[in-house]
Amino acid sequence: MIQLKHFTSLLVLLFLVSSCKENQAVKTTVKQDLIIDLNKLDNEIIQFQKLVTENKAPAAIVEQFKKSRLAYKKAEWAIEYFIPETARFMNGPALDEMELEENRSFEPHGFQVMEELIYPEYNSKNKEDLIRELKIFMSNIKQVKSTFEVITISDDYILDGIQQNVFRVIALGITGFDSPILQSSIPEAGTSLTGIPKALEKINADNTTLSDLKKLTQEAQKYCTANTNFNSFNRAVFITKYLNPISKKIKAFQQEEKIKNVKKSSPLKPTAITLFDKDAFDVNGFVLSEAYNFTIDKAVLGEKLFYDKSLSKNSDRSCATCHHPEKAFTDGLKTNLSLKGSNLMRNTPTLTYASLQNAQFWDMRQLDLEKQSVDVIENTDEMHGSLKNIHAQVLLDAAYIKLFKKAYPKTAKPEAWQIQNAIASYVRSLNAFDSRFDDYMRGQENKLTDQEIEGMNLFMGKAKCATCHFTPLFNGTVPPNYAKTEHEVIGTPKDASGKALSPDTGRYLYNKMPQLIGAFKTPTVRNSAVTGPYMHNGVFKTLEEVVDFYNKGGGKGLGYAVDNQTLPFDELKLNKKEEQSLVAFMKTLTDKRYQKN
């Protein structure tokens, strides 16, 4: 009897030890989960390659492609966050990656290249190229796995990575940015959210906010599953009812777990609760030196310089001569006038939100606002001034010296670079983020009409505007890292008749690469209601004309020979009602100071 008791106790002990070991085996780390997800992705790609090699039906190949990219989406948050250089060649745009400093380019690779090879029609001619892409992709998976095996993934990086992924879904995932042809973005967006609670469970599975977050992500995924049609998907609802609340819950989890923000220099503040916070963006994330960082005192000094005509050679023109405050700092002209009264080549762009991009001027020839200001001041056609002479004038002006001392207290007297920095600082103060669209995204549902909401959904969906003008800056600065500002080749006409292509070669003037012929910076759509005429040459007077141009497929759609056009050249097939809704939405992006009562 005693022996039986001992035996029973031993069995219980063995069971408990076994259960404990089993639980330990089940409990994985974020890194281990990522490796598991990457192995699953690898298996999907192997199956993809098998179908292609065996010449299976095109429909089966397309279906396997979709399964493969869904598998990628589960690990996307970490790949994009920790290894963005590799992510670019796994799911980046099917456009050449350019290194302008070295005047060379790299051909694209990854899912978007494969998508073009298999859809809308796959044939055996593409087989060799597709197998090549699949082999490159498998090599990239191997590289990603090797990286994850050796790096440390701390809790603060997990929080930052998944928060950025929510922002990526908003700005890229639901717009068709990474599924421009198949338009499988909606189910993919839902899948990419599944990793959020899974990753946070590794930090504290018992956190009560995590329970709410699980429900939200499940509901968001269900919404995507129930509304898979790309064109009819309601992005306004999805963002305000699901993505913004998810973003807020992630931040609440972080605060409850006392996890610090990642220390980094970024245009998107780590304190941002949602992508639509009024102060979500930091203009200092775009400056090239800490000494150039924005302050109110610098902006006050810069404002005085901005309106000072003595900066020009003949003291007859200031920055405000061409950038009128009441027109969102544009001039309302097709193209500006030179000092001699002749027309300049390009339209005057808005200075509002100009500080939230990585390059200035239509041709992107200057990297920052400091160089932009002196470029204009010393341009013989525009102001024909001299920074050296202006500096000498400032040193003799008591009022200026007082302002400089307040703005730059560490220097004994005004320095030339500070003139540039002060003007740039004033421009950096011009970002309001107080449009009706902004109010709507912050919870004021009555701020937009049904027509404007339809326009928003068109802008971020069927009309494909948001694949170049990224929400919420609505310019070409690529979220969520905002480390690069894109250019586009759209085939702008020379004049309103639309009979010839604009002869302006854009970025090609400074970088002689064939991909850059006719390439221009993607400007912000914010305040576009008051910044016409439009395009680099002011060819279109109204937003309606702009929408009509894009609806026809840009220059190539109009029949121009624009072989390097980056804009899709197929017709958008927007009807008149949709065009009107699209224009109505763009008008909601107007800052309060420019809104008509």
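A: Let's begin with a term: a residue is buried when its relative accessible area is under 20%, exposed when over 50%, and partly exposed in between, using a 1.4 Å probe and protein chains only. This is a predicted model, in which local features need pLDDT of at least 70 and side-chain atom pairs count only at pLDDT 80 or more, while totals for chains, interfaces and linings use all residues. Residues are numbered from 1 along each chain as its sequence is written, and side-chain values use heavy atoms, with hydrogens and water left out.

Our part is the segment that follows helix α22 (576-587), where K592 sits. Helices here are DSSP runs (H or I, at least four residues), numbered from the N terminus. With a relative accessibility of 44%, K592 counts as partly exposed. Leaving out residues up to four places away in sequence, K592 touches D434 and D439; contact means heavy atoms within 4.5 Å. K592 can also be compared with N527: 65 residues separate them in sequence, yet their C-alpha atoms are 9.7 Å apart in space.

T588 belongs to the segment after α22 as well. Its relative accessible area is 1%, which means that T588 is buried. With residues up to four places away in sequence again left out, T588 touches S435, R436, F437, L448 and E452.

Now for the cysteines. A search of the whole structure turns up zero disulfides, a disulfide being a pair of cysteine sulfur atoms within 2.5 Å. For C465, the nearest cysteine sulfur belongs to C468 and is 8.7 Å away. Seen from C468, the nearest cysteine sulfur is that of C465, and C468 is in no disulfide either. C465 has 18% relative accessibility and therefore counts as buried; C468, at 15%, counts as buried too.

Finally, visit a pair of helices. Helix α3 (residues 58-82) packs against helix α4 (residues 84-91) at an angle of about 155°, and their axes are 8 Å apart. The axes are lines fitted to C-alpha atoms over the stretch in contact, with angles running from 0 to 180 degrees between N-to-C directions. The two helices, α3 and α4, are therefore roughly antiparallel, the word used for angles over 145 degrees. Among the residues that meet are Y72, I79 and F82 in α3, and P84, A87 and M90 in α4.

Notes: Angles under 35 degrees count as roughly parallel, over 145 as roughly antiparallel, 65 to 115 as roughly perpendicular and the rest as oblique.
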